[in-house]
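Got the viewer open and ready? Let's take a short walk through this one, stop by stop.

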Amino acid sequence: MPIGARVTRLTYRSLVAAASAALMSMLLSPPGAQAAPGPLRSEPVHSYENAIRESVWVDTRLDGDGDGRGDRVAVDIVRPREPASQGRRIPVIMDASPYYACCGRGNESQRKTYDARGNPVLLPLHYDNYFVPRGYAFAAVDLAGTNRSDGCADVGGRSDIQSAKAVVDWLGGRAKGYTSRTGDERARASWSNGDTGMIGKSYDGTIANGVAATGVEGLRTIVPIGAISSWYDYYFAQGAPLFGSGPDWLSRYVGSPGARERCGAVRQRLIDGAPRSGDLTRLWQERDHVPDADRVRASVFAVHGMQDLNVRAKHFGQWWDALADAGVERKVWLSQAGHVDPFDFRRAEWVDTLHRWFDHYLLGYDNGVEDEPMADIERAPDRWSTDRHWPPRATAVTTVSPGEGTVPGVGTLSPKPARPGAAETFTDDRSLDEIDWASAVDRPTPAKAGFVTGPLTHDLRLSGSSAVKVTVTPNTETAHLSAVLVDLGPAVIRDYAASGEGITTLPERTCWGASAPGDSSCYKETKARTKAVDLTVFSRGWADLGTYADAGRGRPLTPGKAHSITLDLHAADHVVPAGHRLALILAGTDRDLIEPPASTPTLTVDLARTSARLPVVGGAPAFARAAGPSAAAPAGDGAGLEGVAGPRPLRPVPGGEAR
């Protein structure tokens, strides 16, 4: 089927622009000059229906299931027939995933299908339909222990990463491939030029991050969408557990029936190495890609939902900062949605941008995509802005402090530190969540302490990752803490807490590339699912207070003794408009987002030793201009405020059937 109408128009405009540029170049060039403008865009000149569809099994050089032979991972490939017949080599777009059989990919949960001979018929998502006619190969890799691959899923460990890295090496002629899972007939990627781009949402994007962090040769770019950067931070927040189970459950969930039978030893190692205590063990250190950001050779185009409560935006923030420190070429889209692929919240623009990105980094086209603004930020549903750099260069850390108010638990937020001895007290209530706290921010309630600016006189933009240093005295030996930043004011936002996490799926379909029997390029359209609210929680962070002395190991608290800890809040880019108020709320268990502690603590906050470090665009002067240089009394009338419905329970499945 033909490509969707919107993309047709985009392509037509590009062709007109290219033709006009070429004509003007010829007209304006001096006599004897050579006009050789590079191609602006790859075009669908190859047959998709007649493309080569094949499966290859690549030797990972590991024996994860302990059966005495090397594990082979299945690679299902679609590539254009014409370049191969002409002896031309082409680049590869790869999505390595554990979900091709168990859970499906994309908004419609597509799974791989095969013909009677075992050759691939349907590969999920539009990447093959769209890019194969344009001169790319597409490779869909089953991670070890999943679908048709050998080995065991070790949830971000060596086997997971090597599953995909070995394929990159095979495409570059550095690893062995076979035409079957057990046979000896070799398969060689003589059609590949060795250049690979990896893409994928959630677990798939996490694999792209991990492979890039090995520094593997031939990986030119990665496009991680809602991806994990540290598996510890997926399961824990500074020692506080985020789920009631660990990676052993996920290993079994994604594993093939055969892997479930043979991989018990691997799952036991996951249990032993990832205790529910939240200690930062060697297993977690091996699954942290952030320290290896300086090994990344590929460019990075990251996409993340700022309201993603599955793979939280902390993963993006710490990965982005590490890549920046390493000087990696990068780009980002940040949406208001939750755990959603950009194909489902900004489809036409996404396909166009991804097309130009791959054309540049894999085909070498000089199309200027690398010189475009670094960041696209969704400000309101379907309304986007851009930034040349992200965070903007005018961003500076600004310290603000909570202060006493006129009633208990309803305090102020300003640059002025609180007086010595000032304090607020709250008791953990595991039945409440961040929306419950924020809706009652102007009222004394026993489960939280809220601190609010007066109405802002100017817009205030926070861009990046915040941190809150808290000094509290508990009355128990265990306690969990939450800190959230809230925009208090009316707005229409994506309803990230509802089914769809900010999108509604429509019955109408549009087509993005070519189709073939059994593999349609047509997908259901979506629209933004919105809600009018009085408040927006835009950043959050959690911790087990028992990690106050060592972030990697918890310990019992001393009741009656003050303990200090810094909570890292998730990356965000949010504008608090003039007339709205900014709030910082401190509380205990954030229901359905962190697990409660063993006890029910009451905590007293030492306000003079508590502060927040905020990434304010314009720094302290911008904060003072917007909020005033000193504390102001909260302007609320005590009435309840309305936000989204509140977080829902999550299953520990990054990118699969998570809710």
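Leaving aside its neighbours within four places in sequence, which residues is A467 in contact with? Select A467 and you'll find T566, L567, D568, L569, S611, A612 and R613, where contact means heavy atoms within 4.5 Å.

A quick note before moving on: this is a predicted model, where local features need pLDDT of at least 70, side-chain atom pairs count only at pLDDT 80 or more, and totals for chains, interfaces and linings use all residues. Residues are numbered from 1 along each chain as its sequence is written, and side-chain values use heavy atoms, with hydrogens and water left out.

Stay with A467, which sits in strand 22 (residues 467–474); strands here are DSSP runs of E, at least two residues, and helices are runs of H or I, at least four, numbered from the N terminus. A467 counts as buried because its relative accessibility is 16%, and buried means under 20% (1.4 Å probe, protein chains only).

Next, the cavities: there are 4 of 30 Å³ or more. A cavity is a set of points on a 1 Å grid over the protein atoms alone where a 1.4 Å probe fits but cannot get out, and lining residues have an atom within 4 Å of a point. Select its lining, including D233, R312, W542 and D568. D568 is also one of the contacts of A467.

Last stop: the second largest cavity, with about 50 Å³ of space. Pick out N209, P224 and W319, among others in its lining. Strand 13 (299–305) and helix 11 each supply at least two lining residues there.

Terms used
Buried means under 20% relative accessible area, exposed over 50%, partly exposed in between (1.4 Å probe, protein chains only). On a 1 Å grid over the protein atoms alone, a cavity is a set of points where a 1.4 Å probe fits but cannot get out, and a pocket is an open set with protein on both sides within 12 Å along at least five of seven lines; lining residues have an atom within 4 Å of a point. Grid points are joined across faces, edges and corners, and a volume is the space filled by probe spheres set on the points.
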